[in-house]
Amino acid sequence: MIVLSANNLTKVYGTDVILKGVSFHVEKGERVGIVGTNGAGKTTLLRMLSGELPCDEGDFYVSQNISLGYLKQKDNFDRNGTVMGEVEKIFSSLSAMEKEIEELSQYVAENVSDERALDRLDQLQMEYQRKGGYSYRSQMIGILNSMSFKEDSYQKPIESLSGGERTRLALACLLMEKPDILLLDEPTNHLDIATLKWLEGYLKSYTGTVLIVSHDRYFLDQTVNRIFHIENHRLTSYRGGYSSYASERRKVREDQLRAYNNQQKEIKRQEDMIRRFKERGTEHLAKRAASREKRLDQIELLEKPEAEKGRMKIHFKENFKSGNDVIYAENLSKSFPKKELFKDVNLDIKRGEKICLVGANGIGKTTLLKMILDMTSPSSGKIKLGHNVDLGYYDQGQRLLNGSNTVLEELKESYRLYTDTEMRSILGRFLFRNEEVFTLVGDLSGGEKARLSLLKLMLSGANTLLMDEPTNHLDIESKEVFEDALLEFPGTAIIVSHDRYLLNRIPSRILELTEDGIKEYLGKYDYYMEKKGQPEEVREERQEKTSSKDERARNKEKEAQERRRAREIAKVEEEIQSLEEGIALLEEEMAKPQYMADHQKLTALSVKLKEAKDELDAKYDLWAQLQ
């Protein structure tokens, strides 16, 4: 059953086309991932489907009696409210029913003969049960706990919550509402690994329909069974999870490009054949040329596949090498008047290591990085930096950027030796082009701020990089470029991350920060999960490799046939050239003055000429067949 469909959706801002002619349909129970580069129109599509944004052309249809919930990147909480206060708003109707049931129960106890009141009480209790009144409080507490909200945070004011806490609360509230269609915009931002795994399990068992905008490749592989890819204002649908989509998209693009190039080659070949037929000037070949021209005009021309948008170009380099010992920490702890974050943390980081730091939200991972940077002091313990260690820092909140600067000014403020031309060239490598370099930093999107922060880190030339959630807000292509650059970086990197794709590519070891210190895992994410005793199924749909003996034999035979055909074509072309040269010589011979009156000689030459032209026609026919 189709619960959501769109036809020819188009959205334009001034002269800037965001989406054009987007059409699709979604069946009940489908889980759809929406991917594309930053600015492709993913959030715009969700906003249109939610009714928050009008479409300029086209329309969409939502089935009757279907409820729709939308998780935005920015919430609409009452800043004067509390965590529990926002949650209780969702169940206000049940709370009202509870109050009415309690009042009616007291009334009935005193007026047992009032049958109308008794019937009303029965109806209320049945409706209360049907709506989950007897279980909603336990579900509410369960979801809050899963989103890392413990009992001591229930009365926490909304205005005191961090951006990550607000995102988790918004997601918790939406899941409690249980709409028929969930529209989720970047739900995995600010979630730790344990919460991500819980959310994956929840969405897998969710009976409704889900549309998810996400750059988390691992999460998409675990949760969705269909991918919408938005590129160049268009939407293309693929079956399967992210890995299946990535493989299929590559194959489709290669097939499209191959088909286009083959058609262009064939058109050129046909045009060459037509030209050669016309040059011969015979009636037979002229008819063949006209026939081929007619067929050529009827060919349905394939469109050249659009070029992929530019990719960020990033290369981390170190201005000078550090010593072999980079960071040494002993018995670190951090506590506040009412809370201890961690204790007994020991570190020994060597040059060239790529370390990933994981742990629950709020455990103090960012605080530990700031201790190393000397931006905050430990409550106890000591940190020692090695010889020639030059630290570079990526702050996940981009608080190191000046919102009142333009993009160009932000770079010039830190790196004054570059000319404007050099600086704009560097910015172009990070996809800030033309007038975009004059955009205020405060007006940039999350992804654009992330790119600018990475660019500043790249230009710093630091030999030891400390990165706090660097892939948050980056689109998938930018994540892949960033990961490649990290793998090539000769220096040292400590990365706080919940990106499990990154955790499976980058680290030489994983350090898990707990309340009681550091637990070390000498491997990547899958090894880390295995050692924690929580093996996780990784679903990757790959194309089957055609490696059987029969397939190899068929491929060899096909290649042999192609080689034979190429040799035959070359042989026929040589024969055609020889015949054309022979015909030219015969025509020259017949034009000689001494033969003008020799009818016998002219007749013999004329017979030879006709035989040669007939043979040439036959060779042209054979050449056309071989082509």
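How many residues does the largest nonpolar core have, and which of them have the most contacts inside it? Keep in mind that this is a predicted model. The core has 52 residues, and those with the most contacts inside it are V87, L144, L169, L184 and L203. Helix α6, residues 163-177, gives the most to this core, with eight residues. Apart from this core lies another one, of 46 residues, including L455, L457, A485 and A493. As a bit of background, nonpolar side chains tend to be buried together in soluble globular proteins.

Leaving aside neighbours within four places in sequence, L184 is in contact with L46, L71, L171, L174, L203, V210, L211, I212 and V213.

The structure holds three cavities of 30 Å³ or more. Two of them are set out here:

| Cavity | Volume | Lining residues by type |
|---|---|---|
| Largest | about 150 Å³ | three nonpolar, eight polar, five charged |

The largest cavity is lined by 16 residues, and the closest to its centre are T188, N189, D216, N472 and K479.

What lines the second largest cavity? That would be L347, I349, I355, L357, L368, L369, I372, I494 and L511. Strands β11 (339-350) and β12 (354-358) and helix α11 (365-372) are the elements that give two or more residues to this lining. The largest share, three residues, comes from α11.

Terms used: Residues are numbered from 1 along each chain as its sequence is written. This is a predicted model: local features need pLDDT of at least 70, side-chain atom pairs count only at pLDDT 80 or more; totals for chains, interfaces and linings use all residues. Side-chain values use heavy atoms; hydrogens and water are left out. A nonpolar core is a set of buried Ala, Val, Leu, Ile, Met, Phe, Trp, Tyr and Cys residues joined through side-chain atoms within 4.5 Å. Buried means under 20% relative accessible area, exposed over 50%, partly exposed in between (1.4 Å probe, protein chains only). Helices (H or I, at least four residues) and strands (E, at least two) are DSSP runs, numbered from the N terminus. Contact means heavy atoms within 4.5 Å. On a 1 Å grid over the protein atoms alone, a cavity is a set of points where a 1.4 Å probe fits but cannot get out, and a pocket is an open set with protein on both sides within 12 Å along at least five of seven lines; lining residues have an atom within 4 Å of a point. Grid points are joined across faces, edges and corners, and a volume is the space filled by probe spheres set on the points. Ala, Val, Leu, Ile, Met, Phe, Trp, Tyr, Cys and Pro count as nonpolar, Asp, Glu, Lys and Arg as charged, and the others, Gly among them, as polar.
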